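Subject: Structure handover

Hello,

Here is the structure for you to look through. Notes on what was found in it follow below.

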Amino acid sequence: MASTLEKFIHSLDPRSLPRVLQIQSGIYFQGSIYEMFGNECCLSTGEVIKVIGFKINKLIASICENNEDSQFSAKVELPLNFPGLYKVVADKTPYISIEEITRKVAIGSTRFGHPCFYSSEDIKLANLTIKQGEQITFNSVEEVNGTMAVNCGVVRNNQSHSFTLPLSQDGKFYECEDDQIYTLKEIAEWKIPRCRKRIVKLSNTLHAWDSSNPLPENFEGCLILTPVYEVQAVMKFRKDIVHILSDLDVEVKDITDCYDISSFLQPLSLEDVFERTSREFPMVAEIMEGPLGRQKPYNLLHIGKEIVIHKKYQATRVLASEIRSDSPKRHFLIPMTYKGKFKRRPREFPTAYDLEIARSEREQLHVVATKAFDSPHTELFSVSVGDQFLVQQRQTSEVLYEGRKKVIDVLACEQILSDAYKEVLLPMYMEGGFVEVIHDKKQYQLSEICKEFRLPFNVKVSVRDLSIKEDVLAAVPGLQLEEEITDSYLLISSASSPVESWEIPVYRLNMSVHLLSKDVQTDIPPMTKTTVEEISEEEYYMVRRFENQTLHPPPRPPKKPAALAPKPVSAVSKQITSDVLQSTKNFCVDTTKKLCANQAADVSELQVSCQNDLVHHDNVKDMTGKPTLVEAAVIKGLTNNPLGKWEGEKEQEEAHNYEYVDENIIENIRKVFQDTTTRNKDVLSEDRRDI
């Protein structure tokens with residue numbers, strides 16, 4: 001039975017792919033244009049295509065000025081990166097079975113993939129009864145004792161109870177109210193059920209309104225979102241992957257059951273290739289869809305190019321981020337074979353606990369205080385801006401607390417005075433600010449840094465990698481080497497001229513190939529090249545998430561006693577505190593304003609300049625590695641003088657970026673929003689039970 005392409009894709013279960021479709025009513029775009037904006041727009045009647053995948057490309061939003069029950073009027077097209085945060089309106093149409101929910105609603109391992117429903121009737125299980133209106137969280141779908149079921153959970157009296165519901169479970173299941181807020185991209189990926197539309201309310205615009213915004217000014221109504229999918233397909237007599245928008249005006253018929261699907265080329269993603277056994281390598285492949293990029297080897301991987309895939313393996317990279325106060329930062333994956341050299345840059349430490357973590361046996365940590373701290377105990381030291389310390393070790397100390405002696409953790413340091421060193425104790429809970437003083441002028445290879453120092457570590461490229469035509473790291477003013485990661489790679493070379501081989505990442509390169517039945521040389525080209533890979537913000541967080549799953553979390557810093565709130569002891573520290581509080585207040589009122597990170601950056605830049613002015617003093621250090629007292633006095637003079645000067649200096653103009661949504665702003669708004677909505681959660685639950 002024929003249907004429109006749009007209707008077919010909206011109802012298609014991704015688990016049933018691939019599907020073979022025959023065009024029943026074709027379309028020809030006038031003007032002999034075969035392809036527009038990278039999407040196919042000409043399909044002949046009778047043509048056969050194999051659908052191998054689809055994803056949401058954009059959203060069509062119907063605007064309603066009042067509420068979701070009012071009449072929707074104008075329609076606008078919204079890209080997935082359209083700025084704003086939205087609240088999902090619960091669907092009032094019930095699902096009639098658990099199987100329908102799993103077929104139409106995205107259920108996954110991330111926090112977005114745990115939808116919540118309630119039943120209109122009690123559900124009696126072997127050892128648990130789910131009450132009418134009780135919120136059920138769907139966690140995952142898996143096979144249990146030979147039957148497909150959903151792992152679910154309910155919370156009662158702050159205790160979680162887990163159970164499973166078979167897909168055959170019937171009833172009326174309604175979507176629960178969602179108290180979270182989401183970006184459009186998150187809604188498109190997780191919150192639009194198949195064969196249904198999604199109504200959302202705008203919660204926060206994130207940017208000031210301007211004439212280019214398709215939504216009305218001061219819009220507080222609802223949007224009904226209809227997805228437009230991009231369909232990836234293989235055509236009978238073409239060797240590339242075509243992209244077709246689902247709203248193309250064609251009718252199709254599913255002929256998968258009566259067609260030889262093996263007659264099509266079999267496209268493989270790099271993930272598919274990596275899953276092959278090691279004995280199947282090397283192999284010859286032809287590129288069906290190549291990556292975008294001007295850097296080698298990406299500019300060589302064009303459609304139709306034949307390559308040899310020699311082997312698969314795991315390789316080590318160092319994850320690095322640009323040091324800057326404003327967003328967005330650039331992120332890089334640096335191979336251990338990088339031949340450039342680095343010089344150290346000062347690190348910043350927000351607390352005394354961070355000083356303890358950074359302390360090493362290799363050298364003594366020398367820091368300058370950038371924030372004042374007034375100790376509530378006479379036994380512990382009060383810090384002023386510009387004080388310098390040599391960090392010694394962690395220990396315990398007795399202090400008088402509410403008339404009784406109490407043992408607390410402290411950090412033993414040596415304060416550098418004009419003519420002596422003074423032993424002092426800093427509380428581990430101290431909320432201060434410190435900048436490292438660098439005395440080391442040595443240039444390091446990347447492997448040396450990873451071996452000799454603890455990451456994260458701040459550096460700057462001092463000698464660029466001469467084996468690379470354009471070293472992107474050389475232009476970055478400062479880098480923080482964050483951690484070593486292990487990632488999956490394929491080693492490839494050109495089939496026609498195997499002079500050199502390249503490493504390509506498996507999970508960050510959008511590339512499809514099909515295998516060729518050709519003889520291949522087993523010898524790997526003698527020259528293997530690696531590249532510094534610049535990754536996006538989204539890829540950065542994915543890398544951090546997967547890497548950190550295998551690591552144990554660091555210990556929590558000790559808590560500051562509730563009655564021991566520190567007071568600033570100088571006008572400078574009062575001004576810094578005032579600025580931070582004012583910035584937080586302004587952030588809640590207008591999220592487009594800059595956060596107080598710029599002020600912290602100015603302090604950082606000030607301290608860095610101090611380091612540069614003092615580099616020539618390094619040869620005067622004594623044999624213990626301690627800075628000389630003359631050097632310490634110079635540093636303190638430089639750190640004390642300009643602190644009042646940087647206030648109100650350069651005011652950076654922030655260009656309006658229509659498509660960029662800052663992840664930190666989103667997370668902060670989410671937290672504020674969550675705090676204001678969780679209070680009503682129990683009330684809503686009780687009301688639902690009454691219904």
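The count of aromatic pairs comes to twelve; rings of Phe, Tyr and Trp (its six-membered ring) pair if their centres lie within 6.5 Å, and planes under 30 degrees apart count as stacked, over 60 as edge-to-face and the rest as tilted. One of these pairs is tyrosine 118 with tyrosine 174, whose ring centres are 5.6 Å apart and whose planes are at 20°, so the pair is stacked. Tyrosine 118 lies in strand β9 and tyrosine 174 in strand β15 (residues 170–175), so the pair ties together parts that are 56 residues apart in sequence. Strands here are DSSP runs (E, at least two residues), numbered from the N terminus.

Before going on, two remarks on the basis of all this. The model is predicted, so local features need pLDDT of at least 70 and side-chain atom pairs count only at pLDDT 80 or more, while totals for chains, interfaces and linings use all residues. Residues are numbered from 1 along each chain as its sequence is written, and side-chain values use heavy atoms, with hydrogens and water left out.

Phenylalanine 381 counts as buried at 14% relative accessibility, and phenylalanine 389 counts as buried at 1%. Ring pairs also link Tyr95, Phe117 and Phe138 into a cluster.

Next, the strands. Two strands pair if DSSP finds at least two bridges between them. Strand β9 (residues 116–119) pairs with strand β12 (residues 136–144) in the antiparallel sense over two bridges, and cysteine 116 stands opposite threonine 137 in β12. β12 also runs antiparallel to strand β13 (residues 147–156), joined by seven bridges; serine 140 has asparagine 151 in β13 as its bridge partner. β12 and β13 form a hairpin with two residues between them, and asparagine 145 in the turn has a positive phi of about 55°.

Further along, six strands form an open antiparallel sheet in the order β26-β31-β27-β28-β29-β30. β26 (348–351) and β30 (421–427) stand at the edges with a single partner strand each, so one side of each is left without a neighbour in the sheet. Direction ignored, neighbouring strands of this sheet are turned by 40° against each other on average; the axes are lines fitted to C-alpha atoms. Strand β29 (residues 404–416) is joined to β30 by seven bridges, and isoleucine 416 has tyrosine 421 in β30 as its bridge partner.

Last, the cavities. A cavity is a set of points on a 1 Å grid over the protein atoms alone where a 1.4 Å probe fits but cannot get out, and lining residues have an atom within 4 Å of a point. Grid points are joined across faces, edges and corners, and a volume is the space filled by probe spheres set on the points. There are two cavities of 30 Å³ or more. The largest holds about 90 Å³ of space, and its lining residues include Arg347, Glu363, Phe453 and Phe457.

Regards

Definitions and conventions. 1 Å grid on protein atoms, 1.4 Å probe; cavity = no way out; pocket = protein on both sides within 12 Å on 5 of 7 lines; lining within 4 Å. Helix = DSSP H or I, 4+ residues; strand = E, 2+ residues; numbered from the N terminus. Axes fitted to C-alpha atoms, helices over the stretch in contact; angles between N-to-C directions. Buried < 20%, exposed > 50% of the residue type's maximum accessible area, 1.4 Å probe, protein only.
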